[in-house]
Amino acid sequence: MMQMANRLHETKKAFSNERIKKRGGARNIRKYWPLYVMVLPGVVFLIMFRYIPLAGIVIAFQDYMIFKGIMDSPFVGFKHFQALFDYPQFWRVLKNTAIIGLYNIVFVFPVPVVLALMFNEIRNIVFKRSLQTIYYIPHFFSWVIIAGLTFDFLSSSGVVNSVRGWFGLDTILFMQDESYFRIITVLTSIWRDAGWGTIVLLAAISSINPEMYEAAMVDGANRIRQVLNITLPLIMPTVVILFLLNIGNFLDLSFEQIYNLLTPMTYPVGDVIDTYVYRVGIVQGQYSSTTAIGVFQSVIGLVLVVVFNRLAKRYQEDGGLW
Amino acid sequence: MISSRESRGDLIFRYTNATILGLISIVMLIPFVKVLATSFSGPHAVGAGQVYLWPVQFTWASWKYILGLEPLWSSFFITLFATVAGTFLSLLITALFAYPLSKNEFKLAKILMFMIVITMIFRYPIIPYFLSLRSYGLYNSIWVLIIPYTVTAFNLIIMRTFFKGLPKELEEAAQMEGCGYFQLLFRIVLPSSQAVIATLGIFYAVGIWNQFMIPLLFIEDQSLYPLQLKLREYIVNVDMEAGGFGEILPYSNETLRSATIIFATIPILLVYPFLQKYFVKGAMLGSVK
């Protein structure tokens, strides 16, 4: 019975090829409906928590008032964007953000790559595992805790100043000193996430064909040469993808990190877009102007991703995110 | 295979490399060990800067004090609930979303993937995000600690890639026996995906346990404070000691803070060794693309 029905179904299908093409969507839904049901919660999430907030950027072009809502608030065009560029505060936070962003790309981003290459050279499995575990540990700490540890570590009675004391050097209040803030953000970022960042890279390394190394050894290449001429080039596509994902967040620094490391004394160098938006937008309720900043941030991020993606594709076959 | 004869240069390289990594790992652990030591030390030794990597004037006093703090426990349980519920919900919804996306017969796969990748490339600004979530009634709600993480684009893509890499034969056999897609996912696919589930489980759990920004934005009610907000209060703002003026206490702000830091970290740290076995394999899924 079933078979016959099936065959009938097949025949019908063959005959109505044209119609299937037209109504392929409806038929696909009817045939594979469970798949459509499955994605439903995810799609609802995507719309509610990603796309509606994205649509909310219209308030950057309005004088948004809470009691009027998005529908009734008056449109003001690019007023808030213009105001931004005339506002000295904005240039200050933009400069601070760009500098730390640049430090992140130059000093923080390469560290996991180097670490992964070094891990890979360790032969003793037990030693390697324990090392990796130690390097992963800081990632399990929240920024509140890392900031707490950092304040403690660098305080006047902390480890660093005690060691300086042994050598007869003066106590430095690192956390209250403008000149150390950026380097502290760099070091804490590395401490927390460099080890964790090796995970994806080590996975990429593990997929390298061992024959490559054997061939190199036959040619008499030593380990350093093998690392630089085989391992590194072969994980480059992964590095490029990670770089592209990073560059899009160039101006989106970790709010949690900066906010927890800031002290009133380090505001001039450490107040960045996200902390500024939090203070002026969320706390003081100036929604429209701070949304304009957010739009600016996202657009810069998008431009950077597109530009670098194009560059990646030019230099690497099948490179880039898309 | 690797030849047993190793050149002098390679030998030096290997040992230098191992030594450097070893030394850095020790340096990385120092702040943590110091805080641990401080939490078990007497206030005078700590105040005089005598404590480095080992407790001085050993005492349980700080631990006894913080473990008796009612608000700390209440924050702890809020965070624990959010982490367990959030991780479970996130894994469930991510798996349900990723599975159809790994199927060629699913017509919407391309469009949905495109929609997901866009959210990675063009970030929503924080203010509209805040306003939207508030309009959903998530302000001062414990659900705000759980729901916003439910689907993370990066994790979703990893899971989809993993599903795509699973051997087709198992599913086909089950399909012949008349299994529907739901049965395939829950009986066949998920049981063979322990590695990726453990990996993403850690990602979600650590993220939810440590989240600070979302609660800072949305949770105003002190009785709903998750651990990280409570910690910030203890670490940065408030004097924790409750003793009267001039009283001699067996602990100080510093020792209490240290104990609190350890208290808030140990539970999430404990997750790692349990899942490590799978985690190492899960990381092998590698290619993000």
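## The build of chain B

From the N terminus on, the elements of chain B run α-α-α-α-α-α-α-α-α-α-α-α-α. In total, that comes to 13 helices and 0 strands. Please keep in mind as you look around that this is a predicted model.

The radius of gyration of chain B is 25 Å, well over the 19 Å that the globule rule gives for 289 residues, so chain B is more spread out than a compact globule. If you follow the C-alpha trace along its principal axes, chain B spans about 80 × 70 × 35 Å.

## Inside chain B

How much of chain B is buried? Of its 289 residues, 39% are buried. The contacts tell us something about the fold as well: among those between residues at least 6 apart in sequence, 72% join residues at least 24 apart.

## A look at helix 9

Now let us visit one helix of chain B. Helix 9 covers residues 181-189, and B:Tyr181, B:Leu185 and B:Val189 are buried in it. Seen down the helix axis, the buried residues of helix 9 fall within an arc of 45 degrees, so they line one face of the helix.

B:Leu185 sits in helix 9. Why does B:Leu185 count as buried? The cut-off is 20 or more other C-beta atoms within 10 Å, and B:Leu185 has 22 of them within that distance, so it is buried.

Setting aside neighbours within four places in sequence, B:Leu185 is in contact with B:Ala95, B:Tyr99 and B:Leu190.

Let us finish with chain A. Its domain assignment gives domain 1 (20-77) and domain 2 (79-315). Taken over C-alpha atoms, the centres of these two domains are 33 Å apart.

Where the domains meet, 8 residues of domain 1 of chain A are in contact with 7 residues of domain 2 of chain A. On the domain 1 side, the touching residues divide into 5 nonpolar, 2 polar and 1 charged.

Definitions and conventions:
Residues numbered from 1 in each chain as written. Chains lettered and ligands numbered in written order. Predicted model: local features only at pLDDT ≥ 70, side-chain atom pairs only at ≥ 80, totals over all residues. Helix = DSSP H or I, 4+ residues; strand = E, 2+ residues; numbered from the N terminus. Rg over C-alpha atoms; globule rule 2.2 N^0.38 Å. Buried ≥ 20, exposed ≤ 12 C-beta atoms within 10 Å, placed from the backbone. Contact = placed C-beta atoms within 7 Å. Domains from an automatic or database assignment. Nonpolar A, V, L, I, M, F, W, Y, C, P; charged D, E, K, R; others polar. Arc of directions from axis to C-beta.
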